[in-house]
Amino acid sequence: MSDEKKKLSLIAFSGDFDKLTAVFTLASGAAAVGYEVNIFFTFWGLDAIKQKKGRSFVGGNLLTKIFGFMMGGLHVAPTSRFNFCGLGPRIFRKLMKKNNVATLEELVEASTALGVNLYACEMAMHVLGLKQSDFIHEVKDTLGVATFLEISEGGRTMFI
């Protein structure tokens with residue numbers, strides 16, 4: 001058996017509630033059993049790690065501020081299907097609590113408590129007019145793709 005630590009790297013491209021739930025379920029589960037876990041948030045996935053919890057005009061210019069407002073943050077993330085004008089995530093949260101399943105917010109909290117490494121994509125940040133200060137303090141660093149690939153080397157990588 002190898003002495004190397006098992007590693008899981010996730011690329012979070014989507015800002016959808018259900019896809020982010022999958023990202024943080026995998027991350028917290030893998031970290032709980034001893035994996036090194038790295039999450040690379042890019043484009044709409046960056047929404048999950050924003051400091052501001054609701055809709056806000058975050059960005060460098062008018063167009064990026066509109067994108068920032070439309071994305072809205074983790075607490076208003078839409079479901080990828082059956083969003084029902086924002087009702088979908090509320091239904092999911094209610095079902096999760098009813099069935100004693102961790103909510104998206106609880107999964108994010110568990111992931112950070114378990115030492116999951118959160119990284120923001122530098123290129124996507126530039127496109128969307130975001131700065132490091134726009135993100136939660138648990139974001140370890142801003143990286144380019146090449147650096148993330150180096151960090152991910154030797155483990156499994158999943159794109160969600």
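Helices, taken as DSSP runs of H or I of at least four residues, and strands, taken as E runs of at least two, are numbered here from the N terminus. On this basis the chain, examined as a predicted model, contains six helices and five strands. Their order along the sequence follows the pattern β-α-β-α-α-α-β-α-β-α-β.

The overall dimensions were considered next. The C-alpha trace spans about 50 × 40 × 25 Å along its principal axes. The radius of gyration is 16 Å, which agrees with the value near 15 Å that a compact globule of 160 residues would have. Of the 160 residues, 44% count as buried. Among contacts with a separation of 6 or more, 68% are accounted for by residues 24 or more positions apart. The accessible surface amounts to about 9000 Å², and carbon and sulfur atoms contribute 60% of this area. The chain carries 18 positive and 15 negative side chains, with the centres of the two sets 10 Å apart.

Within strand β2, which comprises residues 36-41, lies N38. This residue counts as buried because its relative accessibility is 0%, below the 20% cut-off for that class. The side chain of N38 forms a polar contact of 3.2 Å with the side chain of E36. Beyond the neighbours within four places in sequence, N38 is in contact with K7, L8, S9, L10, N117, Y119, F148 and I151.

Helix α1, formed by residues 17-32, includes G29. With a relative accessibility of 33%, G29 counts as partly exposed. The C-alpha atoms of G29 and A110 are 9.2 Å apart, although the two residues are separated by 81 residues in sequence.

Most residues other than glycine have a negative phi. F43, however, has a positive phi, near 40°. This residue is located in the loop between β2 and α2, the latter formed by residues 62-71, and counts as partly exposed at 23% relative accessibility. A positive phi is likewise found for F84, with a value near 50°. F84 is placed in the loop between α2 and α3, where α3 comprises residues 87-98. Its relative accessibility of 54% means that F84 counts as exposed, the cut-off for that class being over 50%.

Key. Residues numbered from 1 in each chain as written. Predicted model: local features only at pLDDT ≥ 70, side-chain atom pairs only at ≥ 80, totals over all residues. Heavy atoms only, no water. Rg over C-alpha atoms; globule rule 2.2 N^0.38 Å. Buried < 20%, exposed > 50% of the residue type's maximum accessible area, 1.4 Å probe, protein only. Contact = heavy atoms within 4.5 Å. Areas by Shrake-Rupley, 256 points an atom, 1.4 Å probe, with all protein chains shown as cover. Lys, Arg positive; Asp, Glu negative; His and termini not counted. Charge placed at Lys NZ, Arg CZ, Asp CG, Glu CD. Polar contact = N/O pair within 3.5 Å; in protein donor to acceptor, adjacent residues only side chain to side chain.
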